[in-house]
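User: I am new to this structure and would like to learn how to read its features one at a time. Could you take me through them slowly, giving the general idea before the case at hand?

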Amino acid sequence: MKVSVVIPVYNVEPYIKECLDSVRQQSLGDLEIICIHDAGTDGSWELVKEAASSDPRFRLFENERNMGLAATRNRGLQVARAPYVYFLDSDDKIRPDALETLYGRAIRERLDVQIFGASFIYESSALREKFHSNPAHFKREYPEILSGREVFVRWMEYWDWMPSQPRYFYSREFLEQNQIRYTEGMLHEDETFAFDVLMHADSVRVSSEEFFIRRFRADSIMTGRPTMKNVEGCAQILAHVSAMHPFFDGNPELEKAVRYYLYKIFRDACGKYRTAVQTAEQEDEERPDGNLHRNTEAADPDCGASRGDDRERSSAEAARRTAFDLIAAFGLWEEGEQL
């Protein structure tokens with residue numbers, strides 16, 4: 001087989017058939033289709049099993065409990081057997097010639113990574129209006145093969161940053177040799193994974209070809225209003241990237257690009273923080289008993305993390321907490337609050 005397609009499956013019953021059909025109908029037939037059920041509660045998995053019953057390319061796995069997207073992708077990578085791997089979300093699709101084109105180019109050019117464009121499906125006019133500026137293509141052309149660090153520097157120069165994982169095609173050997181995995185237990189895990197990939201890759205091809213077809217739907221994680229879990233994810237990004245400093249090799253261009261990336265993530269996190277606080281205040285005001293009862297777990301910078309003795313916290317955990325505190329302080333300060 002030539003490509004492993006990894007598809008985490010969680011409560012996507014209205015969309016999963018389209019997703020699977022787009023993979024089964026690829027012009028490249030020599031695939032394995034790895035579907036992992038992440039303990040969903042709708043009929044998605046029954047549809048997956050129905051498709052797999054007539055197609056031997058499927059390999060099905062089930063998580064005993066809900067593990068989240070990052071852990072489920074990591075499991076898919078662990079069981080993948082083909083030399084190239086592609087991660088597809090189960091409510092999205094890919095163009096019929098996508099995997100054949102990407103695989104052929106990877107072989108010819110001996111690429112670690114390919115990054116490409118997308119087309120979009122909007123389920124409502126409101127979603128189209130809200131996300132119309134989401135980039136389908138890159139602002140600049142990248143005709144040559146570049147190292148991942150060169151890509152990162154150029155992306156920061158034009159703010160062409162694109163971490164969305166279904167827009168990446170990987171050499172599995174590259175991921176394994178560099179031990180690159182998704183950070184589990186966080187939102188925005190694509191950010192840290194993409195950053196790690198670009199810091200390690202020697203050969204990257206970037207194009208605006210629309211191989212990926214993304215669906216914008218109202219009930220997905222990324223189209224909803226930000227919560228403190230989104231802010232927590234941003235704090236983890238800041239801590240993760242800051243910890244990678246030894247990899248920059250004293251390269252002043254790369255140092256500048258990384259600082260700019262941290263700045264962009266920080267400003268985005270501050271906006272998310274303000275929105276999350278406003279949402280919590282509105283929910284408090286709308287409580288029928290008139291009592292304030294804000295969700296303190298959501299506002300706690302430890303949300304989603306295990307609560308152990310402070311003495312046993314790792315330096316990474318301390319860095320994450322510091323980043324969260326900075327986001328909270330700056331997010332309030334920008335609104336003119338007295339600190």
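Predicted model: local features only at pLDDT ≥ 70, side-chain atom pairs only at ≥ 80, totals over all residues.

User: Which strands does β8 pair with, and how many bridges join each of them to β8?

Analyst: The general idea is that in a regular strand the side chains alternate between the two faces of the sheet. In the case here, strand β5 (residues 93-94) runs antiparallel to β8 and is joined to it by two bridges, while β6 runs parallel to β8 and is joined to it by nine bridges. One place to look is Tyr122, which stands opposite Phe216 of β8.

User: Is β8 largely enclosed or open?

Analyst: Strand β8 is largely enclosed by the rest of the structure, because ten of its 13 residues are buried.

User: How many residues of helix α3 are buried, and what covers them?

Analyst: The general idea is that an α-helix has 3.6 residues a turn, so residues three or four places apart point the same way. Helix α3 (residues 69-79) is mostly covered, with eight of its eleven residues buried, namely Ala70, Ala71, Thr72, Arg73, Asn74, Gly76, Leu77 and Val79. The elements covering these buried residues include the strands β1 (3-9), β2 (31-37), β3 (58-62) and β4 (84-87), together with the helices α7 (172-177) and α8.

User: How many aromatic pairs are there, and what describes such a pair?

Analyst: A pair of aromatic rings is described by the distance of the centres and the angle of the planes. Counting rings whose centres lie within 6.5 Å, there are 20 aromatic pairs in this model. In one of them, the ring centres of Tyr86 and Phe116 are 6.4 Å apart and the planes stand at 35 degrees, so the pair is tilted. Tyr86 lies in strand β4 and Phe116 in strand β6 (residues 113-122), so this pair ties together parts that are 30 residues apart in sequence. Tyr86 is buried, with a relative accessible area of 1%, and Phe116 is buried, also with a relative accessible area of 1%.

User: What angle do the planes of Trp159 and Tyr260 make, and where do these residues lie?

Analyst: The planes of Trp159 and Tyr260 are at 85 degrees, with the ring centres 5.9 Å apart, so this pair is edge-to-face. Trp159 lies in the loop between α6 (148-158) and β7 (168-171), whereas Tyr260 lies in helix α10 (residues 252-285), so the pair ties together parts that are 101 residues apart in sequence. Trp159 is partly exposed, at a relative accessible area of 26%, and Tyr260 is partly exposed, at 31%.

User: Which residues form an aromatic cluster, and which arginine lies over the face of Phe138?

Analyst: Phe138, Tyr142, Phe152, Trp155, Trp161, Phe195 and Tyr261 form one aromatic cluster. Arg167 lies over the face of Phe138, at 5.7 Å from the ring centre, and Arg140 lies over the face of Tyr158, at 4.1 Å from the ring centre.

Technical notes:
Residues numbered from 1 in each chain as written. Heavy atoms only, no water. Buried < 20%, exposed > 50% of the residue type's maximum accessible area, 1.4 Å probe, protein only. Helix = DSSP H or I, 4+ residues; strand = E, 2+ residues; numbered from the N terminus. Contact = heavy atoms within 4.5 Å. Phe/Tyr/Trp six-rings, centres within 6.5 Å; stacked < 30°, edge-to-face > 60°. Lys NZ or Arg CZ within 6 Å of the ring centre and 35° of its normal. Pairing = 2+ DSSP bridges.
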